Amino acid sequence: MTDRAPEISVVIPAHNASATLRRLLGLLSEQTLSRERYEVIVVDDGSDDDTSKRAGEFPGVMVLRQTCRGPGAARNRGASAARGELILFLDADVEVTADLLSAHLRHHKAHPEVAATGGSVLPGQDAGVFSWSMVDHLSSWFNAHPQVTHHGPVEYLPSLNFCVSRSALQRHGLSWESGLEHTGEDVVFCHRLRRRGLRIDFLPEAAVKHTDRRRFWDYMHHMYRWGYHAPFVRGRLDGLRYGSLFPPRLRWQLLTLPAVMVGSTMIVWTSWLRQRPLTVTLSLPQIFLGRGLAYGWGVVRGSIAADGAGRSRQ
């Protein structure tokens, strides 16, 4: 054993994640990176299943517990305990490739000017055209699939596979949003990085697999939640793409809503055209149900809530 600090700390926020956590921790124990070079921290965010017990079955895994405060707070708790210079945040429901940690570490060593790296997301199961899991994958990971092209600086990358320099966090006083009533904490976090002049790189070779939603209503609810957070995030943070489509008042939001619904669908379609042209085109009606209708309804409900919150602060 050595007391030398690991090079990379893996932080996993977990809430009622017993069903998936064991598989993830097993794959993390089989990394090509030697075990003494990384540590694994699981933050049990108020689970009422045996998440902590499952995590404790793996030697060397640090298990922290807190009351249910959301994934952002869990990431902050894990980051405060991390000893590595790099902190890799993973969601508890992903599967990792054997060289995931090595890929993030190599890039940061080769490019010390980079503050954060985000990896790609692959489907966790074989899914045919027209299946809801395929549609959910296309609609969710359009900016993080292996062949996506980011034009200009990367605006944000998903938090389920995101590696950040600990010194950048400390030097700039950065942390994840906690206690949000909406999602989008990864967009907010990346916005804070970029506002401080820090660079985010996309690493297609640093891949995880995600088990996508198989049922229609699960997919629709997921897209609704994304729409709900847009007025709070894109409508309130300066410099984000398409922010002008989310004005601060509901009556103006209703005017831009058709452009939001069509534009959101078209972003998904164009992002996948190089990799899966036939699949994404055939799936357009299903994509529009989520990225158009459910997302649009979420935007309306989020605008009402954001408008009310803004008026109450006046």
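Q: How many helices and strands does the protein chain have?
A: Eleven helices and eight strands. Both are DSSP runs numbered from the N terminus: helices are H or I with at least four residues, strands are E with at least two. This is a predicted model, where local features need pLDDT of at least 70, side-chain atom pairs count only at pLDDT 80 or more, and totals for chains, interfaces and linings use all residues. Residues are numbered from 1 along each chain as its sequence is written, and side-chain values use heavy atoms, leaving out hydrogens and water.

Q: What radius of gyration does the protein chain have?
A: 19 Å. That agrees with a compact globule, because 314 residues would give a value near 20 Å. The radius is taken over C-alpha atoms, and the globule rule is 2.2 Å times the number of residues to the power 0.38.

Q: And what does the C-alpha trace span along its principal axes?
A: About 65 × 50 × 40 Å.

Q: What share of the residues counts as buried?
A: 53% of the 314 residues. Buried means under 20% relative accessible area, exposed over 50%, and partly exposed in between (1.4 Å probe, protein chains only).

Q: Which residues of α4 are buried?
A: Leu100, Leu101, Ser102, Ala103, His104, Leu105, His107 and His108. That is eight of eleven residues in α4, which runs over 100-110, so the helix is mostly covered.

Q: Switching to leucine 174. Where does it lie?
A: Leucine 174 is in the loop between α6 (166-172) and α7 (185-195).

Q: Buried or exposed there?
A: Leucine 174 is buried, because its relative accessibility is 9%.

Q: What does leucine 174 touch?
A: Ala168, Leu169, Phe189, Arg192, Leu193, Arg196 and Leu198, not counting residues up to four places away in sequence. Contact means heavy atoms within 4.5 Å.

Q: What separates the C-alpha atoms of leucine 174 and glycine 72?
A: 12 Å, although the two residues are 102 residues apart along the chain.

Q: Which helix holds histidine 191?
A: Helix α7. Histidine 191 is buried, with a relative accessible area of 8%.

Q: Which residues is histidine 191 in contact with?
A: Leu237, Asp238 and Leu240, leaving aside neighbours within four places in sequence.

Q: Back to the protein chain. What share of contacts comes from residues 24 or more positions apart?
A: 77% of the contacts with a separation of 6 or more.
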